Amino acid sequence: MPHLPPCLLIVTAEIDPAVEADWNQWYDEVHLPEALTCPGVLRGTRYLAARDAALTDHGEKTADSARVYAAVYELDSPEALESEAFRDMAVRGWERFTDRIRVRAQVFQSL
């Protein structure tokens, strides 16, 4: 089994199609490269959902066909998100997309 990092930051985003190309260019050329320079951020990779999401809520099953992007950042610890460099980088550039995206960010630690 490959070595897994002790901590992950997983960010998912649904993007308004009207700004999707601009979002992808900014994320790939600016945001992700900046994130990778922050102390404690080991690696980062982006993904695009390959198929509809299967949703189950209290026994009710549905599907969601929204285009969802995910970025998975490998961190050395949750404290990596508390550095000044990360805090500054995390908000820079988002302002032009905030009313056109739905984002969820969550930190996971290995058990």
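In the classes used here, Ala, Val, Leu, Ile, Met, Phe, Trp, Tyr, Cys and Pro count as nonpolar, Asp, Glu, Lys and Arg as charged, and the others, Gly among them, as polar. The model is predicted, with local features needing pLDDT of at least 70, side-chain atom pairs counting only at pLDDT 80 or more, and totals for chains, interfaces and linings using all residues. Residues are numbered from 1 along each chain as its sequence is written, and side-chain values use heavy atoms, with hydrogens and water left out.

On a 1 Å grid over the protein atoms alone, a cavity is a set of points where a 1.4 Å probe fits but cannot get out, whereas a pocket is an open set with protein on both sides within 12 Å along at least five of seven lines; lining residues have an atom within 4 Å of a point. Grid points are joined across faces, edges and corners, and a volume is the space filled by probe spheres set on the points.

The largest pocket holds about 280 Å³ of space. Among its 14 lining residues, T12, E14, D64, V68 and R102 are the closest to its centre. Strands (E, at least two residues) are DSSP runs numbered from the N terminus, as are helices (H or I, at least four), and β1 (7–15), β3 (53–57) and β6 (101–109) each give two or more residues to this lining.

The count comes to 1 cavity of 30 Å³ or more. V11, A13, W23, Y27, R46, Y69, A70 and A71 line the largest cavity, with two or more residues each from β1, α1 (20–35) and β5 (68–75); β5 gives the largest share, 3 residues.

| Space | Volume | Lining by class |
|---|---|---|
| Largest pocket | about 280 Å³ | 7 nonpolar, 1 polar and 6 charged residues |
| Largest cavity | about 40 Å³ | 7 nonpolar, no polar and 1 charged residues |
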